Amino acid sequence: MNDSSWGAPAGSGRRGPDQGPAPAGPAYDRHQAAQTRPMPIVPDVPAGGFQDGHGRGAAHPSGPLFRDETPHEHPQEPMHRPTPPPPPAPRPKKSAGRDLGAAIGVGVGLGAVIIASLFIWKAAFIGVIAVAVVVGLWELTSRLQERKAIKAPLVPLAVGGAAMVVAGYVRGAEGAWVAMALTALAVLVWRMTEPPEGYLKDVTAGVFAAFYVPFLATFVALLLTAGDGPQRVLTFLLLTVVSDTGAYAIGWRFGKHKLAPRISPGKTREGLLGAVTFAMAAGALCMEFLIEDGAWWQGLIIGFAVAASATLGDLGESMIKRDLGIKDMGTLLPGHGGIMDRLDSLLPTAPVVWLLLALFVGTA
């Protein structure tokens, strides 16, 4: 046998006769084997987890031990349970939107002044109307100037408005119309003392204010001129207040269907039904017990008309306030807003009550 086979390199795959069969797998020479690193031996993990040198459980190494192992395979990690939804929030209670205590106190105070002046001295009640008219004109013209830059002249409006109320009480409807015409003329002339820019819108607003506040308030003075004038004025006030109260009470408790959401979101059809019901009942009682020669059925008609006119008047001022971008016309009356916020339903109702009473029982 050739001895050169014994000296063959290790990589040749040949072995001597005394070395036995070649091992499975590739063979390496001694130089290459010396450069290889031994594979670390991974100890067997007992069923109870890793153990430290003292036999205590050791923490599981961070991350998966093998490449195909996922974190969810570790029994030590807690399972994630869905968080239960929070309990529903309690429904907010209905709110009146105003300080009822202050509103009731102011209302009682105003009622006492009106009743005292109405039954003690009629001239004093005319003075109360005139003061309310002047303050209402001041609120209206101030808001117009602040929000729309409209300068309706207040001086001729205030003087003419007070004169209109007095003329209506002294000279009747004819005196009221003449005072209205003179007031409008005074507004036109007064505005001429300023630059012409904005003249048309200023005088238009002034004539509107003269009609809206003092002229409509003059019909309250016309009611007072009759023989039972105090009772007629009291009927007018009671029906308007009862209508507003019925609309508020029923609408706040049962209101679901909006009456005019674009104008006044708080008003509902149920509230209007409450206003009509309350006003008709109060009208029947007033015509039966307060007005001479009055009948209960006439009171039903008057009550229905008052509910309609008071609601329209309230919506009309709400339209003005929305155009101006304000909630109240003023802050003079706590819990109510301004004077104009109380006159909104009274002003358009005064001519309606005066006309119906004139048709049913006359003006004397």
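With a relative accessibility of 1%, Thr 240 counts as buried, a word kept here for residues under 20% relative accessible area, with exposed meaning over 50% and partly exposed in between (1.4 Å probe, protein chains only). Thr 240 sits in helix α6; helices (H or I, at least four residues) and strands (E, at least two) are DSSP runs, numbered from the N terminus. The model is a predicted one, in which local features need pLDDT of at least 70 and side-chain atom pairs count only at pLDDT 80 or more, while totals for chains, interfaces and linings use all residues. Residues are numbered from 1 along each chain as its sequence is written, and side-chain values use heavy atoms, with hydrogens and water left out.

What lies around Thr 240 once its neighbours within four places in sequence are left aside? Thr 240 then touches Val 306, Ser 345, Leu 346 and Thr 349, where contact means heavy atoms within 4.5 Å. A polar atom of the Thr 240 side chain also lies 2.8 Å from the backbone oxygen of Phe 236. A polar contact is a pair of N or O atoms within 3.5 Å; within protein, one must be able to donate a hydrogen and the other to accept it, and residues adjacent in sequence count only if both atoms are side-chain atoms.

Now for the overall picture. The protein has 10 helices and 2 strands, and along the sequence they run α-α-α-α-α-α-β-β-α-α-α-α. Of its 364 residues, 37% are buried. Among contacts with a separation of 6 or more, 67% come from residues 24 or more positions apart.

Back to α6, and to its packing with other helices. Helix α10 (residues 346-361) packs with α6 at about 130°, the two axes being 10 Å apart. Axes are lines fitted to C-alpha atoms, for helices over the stretch in contact, and angles run from 0 to 180 degrees between N-to-C directions. That angle is why α6 and α10 are oblique to each other: angles under 35 degrees count as roughly parallel, over 145 as roughly antiparallel, 65 to 115 as roughly perpendicular and the rest as oblique. The crossing of α6 and α10 is right-handed; a crossing is left-handed if the near helix is turned anticlockwise from the far one by less than a right angle, and right-handed if clockwise. On the α6 side, the contact uses Arg 232, Phe 236, Leu 237 and Thr 240, and on the α10 side Leu 346, Thr 349, Ala 350, Val 353, Leu 357 and Val 361. Sorted by class, these residues are 7 nonpolar, 2 polar and 1 charged, with Ala, Val, Leu, Ile, Met, Phe, Trp, Tyr, Cys and Pro counted as nonpolar, Asp, Glu, Lys and Arg as charged, and the others, Gly among them, as polar.

Helix α5 (residues 199-224) also meets α6 (residues 229-254): their axes come within 7 Å and cross at roughly 140°. The pair α5 and α6 is therefore oblique too. Val 220, Leu 223 and Leu 224 of α5 make this contact with Gly 229, Pro 230, Arg 232, Val 233 and Phe 236 of α6. The tally here is 6 nonpolar, 1 polar and 1 charged residues.

Helices α3 and α4 pack at about 155°, with axes 9 Å apart. This makes α3 roughly antiparallel to α4, and their crossing is right-handed. Residues in the contact include Ile 126, Ala 130 and Trp 138 of α3, and Leu 157, Ala 162 and Tyr 169 of α4. By class, the α3 and α4 contact holds 14 nonpolar, 2 polar and 1 charged residues. Ala 130, part of α3, is buried at a relative accessible area of 14%. Although Ala 130 and Ala 162 are 32 residues apart along the chain, their C-alpha atoms are separated by 5.0 Å.

Which residues does Glu 270 contact, leaving aside its neighbours within four places in sequence? They are Ile 250, Phe 254, Gly 255, Lys 256 and His 257. Glu 270 belongs to helix α7 and is buried, at 18% relative accessibility. A polar atom of the Glu 270 side chain lies 3.2 Å from the backbone nitrogen of Lys 256.

Ala 149, in the loop between α3 (122-148) and α4 (154-191), has a positive phi near 60° despite being a residue other than glycine. Asp 293, in the loop between α7 (269-289) and α8 (296-324), has a positive phi near 65°. Ala 149 is partly exposed at 48% relative accessible area, while Asp 293 is exposed at 72%.
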